[in-house]
Amino acid sequence: RLQCRLSKKKKGSSNRRKQQMKVARKHYRISCIRKNAIHKATTDIVKRFDKIVIETLKPLNMVKNGNLALSVSDVSFGEISRQLAYKTKWSGKELIKADRWFPSSKTCSKCNNKKEILSLSERVFNCDICGHSIDRDLNAAINLANYRPTQKLGGSEACGVQSNRTMKQEINRNINNIKTL
């Protein structure tokens, strides 16, 4: 509504400037609410679980799907991943990033049979081999829980931090690197 009112104001008028400020305040408020929600969610996840497995997704490719574009843009996958990485590092927990090509949705969580074709509209996973029927998202979550990574992230191994270094030493080293630039 605020932007609709803004579009009707005469360009260059003081009323337009006032309306622009209202729109800017509203956008800022929404962005603060989203940031707060992401912080609360990631903090809760890190507090509750010792091992966290996430999928590395490519949002740019997902945005190409017109039906999902707005939803994918609003979710902030990169920010959630970034926050989980540093929060697990701080708390000494383990963060595992599953390979982008890991078929978590296409693999049966019971017999490990991989379906070659699984459309996005199929919300229930039905295995052709064992007959197992399960919600698609739950099946993917079980597969991710059982995922065995080739490289672990988080804890003391994340971002090249050696286990004999403290967090304070690492921060000081990064500050010194920035000063030299």
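# Chat about a predicted model

Colleague: Helix 2 passes helix 5 in what kind of crossing, right-handed or left-handed?

Modeller: Right-handed, going by how helix 2 passes helix 5. Keep in mind that this is a predicted model.

Colleague: At what angle do helix 2 and helix 5 pack?

Modeller: The angle is about 40 degrees, and the axes of helix 2 and helix 5 lie 9 Å apart. Because of that angle, helix 2 is oblique to helix 5.

Colleague: Which residues in helix 2 meet helix 5?

Modeller: On the helix 2 side they are Ile 38, His 39, Thr 42, Thr 43, Ile 45 and Val 46. Their partners in helix 5 include Glu 79, Ile 80, Gln 83, Leu 84 and Tyr 86.

Colleague: How do the residues of that contact divide into nonpolar, polar and charged?

Modeller: Six of the residues in the contact of helix 2 with helix 5 are nonpolar, six are polar and two are charged.

Colleague: Stepping back, how many helices and strands are in the protein chain?

Modeller: The protein chain has seven helices and five strands. In sequence order, the pattern is α-α-β-α-α-α-β-β-β-α-β-α.

Colleague: What share of the residues is buried?

Modeller: Of the 181 residues in the protein chain, 23% are buried. As for contacts, take those between residues at least 6 apart in sequence: 56% of them join residues at least 24 apart.

Colleague: What is the mean pLDDT of the protein chain?

Modeller: The mean pLDDT is 81, and 82% of the residues reach 70 or more.

Colleague: Where is confidence lowest, and where is it highest?

Modeller: Confidence is lowest in strand 5, residues 153–154, with a mean of 46. Helix 2, residues 14–48, has the highest, at 93.

Colleague: Over which residues does pLDDT stay under 50?

Modeller: That stretch is residues 151–165. The model still has 25 contacts for those residues beyond four places in sequence.

Colleague: New topic. Where does Asn 143 lie, and is it buried or exposed?

Modeller: Asn 143 lies in helix 6, which spans residues 136–145. Its relative accessible area is 5%, so Asn 143 is buried.

Colleague: What does Asn 143 touch?

Modeller: Leaving out residues up to four places away in sequence, Asn 143 touches Phe 102, Ser 104, Thr 107, Cys 108 and Ser 109.

Colleague: Take Thr 107 from that list. Where is Thr 107 found?

Modeller: Thr 107 is found in the loop between strand 2 and strand 3. Thr 107 is buried because its relative accessible area, 11%, is under 20%.

Colleague: And what does Thr 107 touch?

Modeller: Asn 143 is one of its contacts, and Asn 112, Asn 113, Lys 114, Phe 125 and Asn 139 are others, again not counting residues up to four places away in sequence. Thr 107 and Cys 127 are 20 residues apart in sequence, and their C-alpha atoms are 8.5 Å apart in space.

Colleague: Asn 112 came up there. What is its phi?

Modeller: Asn 112 has a positive phi of about 65 degrees, although it is not a glycine. Asn 112 lies in the loop between strand 2 (94–98) and strand 3 (124–126). With a relative accessibility of 57%, Asn 112 counts as exposed.

Colleague: And what about the phi of Ser 76?

Modeller: Ser 76 is not a glycine either, and its phi is positive, at about 65 degrees. Ser 76 sits in the loop between helix 4 (69–75) and helix 5. Its relative accessible area is 27%, so Ser 76 is partly exposed.

Colleague: Is Trp 101 buried or exposed?

Modeller: Trp 101 counts as exposed, at 67% relative accessibility. Trp 101 lies in the loop between strand 2 and strand 3.

Colleague: How many residues apart in sequence are Trp 101 and Glu 55?

Modeller: Trp 101 and Glu 55 are 46 residues apart in sequence and 9.2 Å apart in space, C-alpha to C-alpha.

Key. Residues numbered from 1 in each chain as written. Predicted model: local features only at pLDDT ≥ 70, side-chain atom pairs only at ≥ 80, totals over all residues. Heavy atoms only, no water. pLDDT = per-residue confidence, 0-100. Helix = DSSP H or I, 4+ residues; strand = E, 2+ residues; numbered from the N terminus. Contact = heavy atoms within 4.5 Å. Axes fitted to C-alpha atoms, helices over the stretch in contact; angles between N-to-C directions. Parallel < 35°, antiparallel > 145°, perpendicular 65-115°, else oblique. Left-handed = near helix turned anticlockwise from the far one by under 90°. Nonpolar A, V, L, I, M, F, W, Y, C, P; charged D, E, K, R; others polar. Buried < 20%, exposed > 50% of the residue type's maximum accessible area, 1.4 Å probe, protein only.
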